[in-house]
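Subject: Structure for your review

Dear colleague,

My notes on what was found in it follow directly after.

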Amino acid sequence: VGAYGAYHHSDLGTRGMIGWVAIPFMDKYDFTQNVTWLSQIAYPVLRLGADFFSSYLIRNVSTGRYSLENACALEGCTLPRNPKLQGKPQRNVHMTMGWARATLKSVLRASEILGVDEVRRTAWGDILSNLEPCPITTTPGGELVFDECEDSGDWGGNARYPVVNFGGIHPAADISRHSSPERGLPGHLLYRRLPGC
């Protein structure tokens, strides 16, 4: 993954790509209802995706919430330009958290359909229920909006692009005009400018 369609020699910290890989496997099951295919092909991929995200998540012992550390949004980190965090890796990247949520939802549902991995299902459910909320920031004009990552300090960078919201909208299906601000998924931030919503 690289900026502007370019190839880059490093992964640029785009930890969430497994979500883009895994979710179409669940989509295929949804359209075909082929349980054999789900069991033999899709579920192993989904399970590896869930394990991958779980390996990067860090639980805050005081809050019980899970954060995704050391990641970058989209085509690369903006934080080296952020004096507030002194170039630390991005944390709780909005897009990546959306992919993590989508992957965990899919593996949980597949596990229930197949009747397997009950112990792991409990752990995955705990993570899904306790992921940090989507990061939010304020624009220079004082508007509350989703941010590309926690404390990006970079409204002039990717945070101003709608693409940073896509992970939570699709494939996670966590953000809609009805999603709950209490869960850290305030859908009204996406729809405030659309008449009739």
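Beyond its neighbours within four places in sequence, Leu104 is in contact with Ala50, Trp124, Ile127, Leu128 and Leu131. Please bear in mind that this is a predicted model.

Leu104 belongs to the largest nonpolar core, which has 21 residues; together with Trp124 and Leu131, Leu104 touches the most other members. At least two residues of this core come from each of H1, H2, strand E2 (66–68), helix H3 (94–114) and helix H4 (118–129). The element that gives the most is H2, with 6 residues. Another core, of 6 residues, lies apart from this one, and Val93, Trp99, Ala100 and Cys149 are among its members.

**The overall arrangement**

The protein contains 6 helices and 4 strands. Along the sequence these follow the pattern α-α-β-β-α-α-β-β-α-α. The protein has 197 residues, of which 44% count as buried.

**The pairing of H1 and H2**

A pair of packed helices is described by the angle between the two axes and the distance between them. For helix H1 (residues 17–32) and helix H2 (residues 35–56), the axes come within 9 Å and cross at roughly 155 degrees. Angles over 145 degrees count as roughly antiparallel, and H1 and H2 are therefore roughly antiparallel to each other. The crossing in which H1 passes H2 is left-handed.

Which residues of H1 and H2 meet? On the H1 side they are Ile18, Gly19, Ala22, Phe25, Met26, Lys28 and Tyr29. On the H2 side they are Val35, Trp37, Leu38, Ile41, Ala42, Val45, Leu46, Gly49, Phe52 and Phe53.

Gln33 is placed in the loop between H1 and H2. The phi angle of Gln33 is near 60 degrees, a positive value in a residue other than glycine. With a relative accessible area of 48%, Gln33 is partly exposed.

Asp117 also has a positive phi, near 55 degrees, and is likewise a residue other than glycine. The loop between H3 and H4 is where Asp117 is found. Its relative accessible area is 24%, and Asp117 is therefore partly exposed.

Is Gly64, in its loop, buried or exposed? The loop concerned runs between strand E1 (57–59) and E2. Buried means under 20% relative accessible area, and Gly64, at 13% relative accessibility, therefore counts as buried. Leaving aside its neighbours within four places in sequence, Gly64 is in contact with Arg59 and Asn130. Gly64 and Leu131 are 67 residues apart in sequence, and their C-alpha atoms are 8.9 Å apart in space. Leu131 was named above with Leu104 and Trp124, as one of the core residues that touch the most other members.

With kind regards

Note on methods
Residues are numbered from 1 along each chain as its sequence is written. This is a predicted model: local features need pLDDT of at least 70, side-chain atom pairs count only at pLDDT 80 or more; totals for chains, interfaces and linings use all residues. Side-chain values use heavy atoms; hydrogens and water are left out. Axes are lines fitted to C-alpha atoms, for helices over the stretch in contact, and angles run from 0 to 180 degrees between N-to-C directions. Angles under 35 degrees count as roughly parallel, over 145 as roughly antiparallel, 65 to 115 as roughly perpendicular and the rest as oblique. A crossing is left-handed if the near helix is turned anticlockwise from the far one by less than a right angle, and right-handed if clockwise. Contact means heavy atoms within 4.5 Å. A nonpolar core is a set of buried Ala, Val, Leu, Ile, Met, Phe, Trp, Tyr and Cys residues joined through side-chain atoms within 4.5 Å. Buried means under 20% relative accessible area, exposed over 50%, partly exposed in between (1.4 Å probe, protein chains only).
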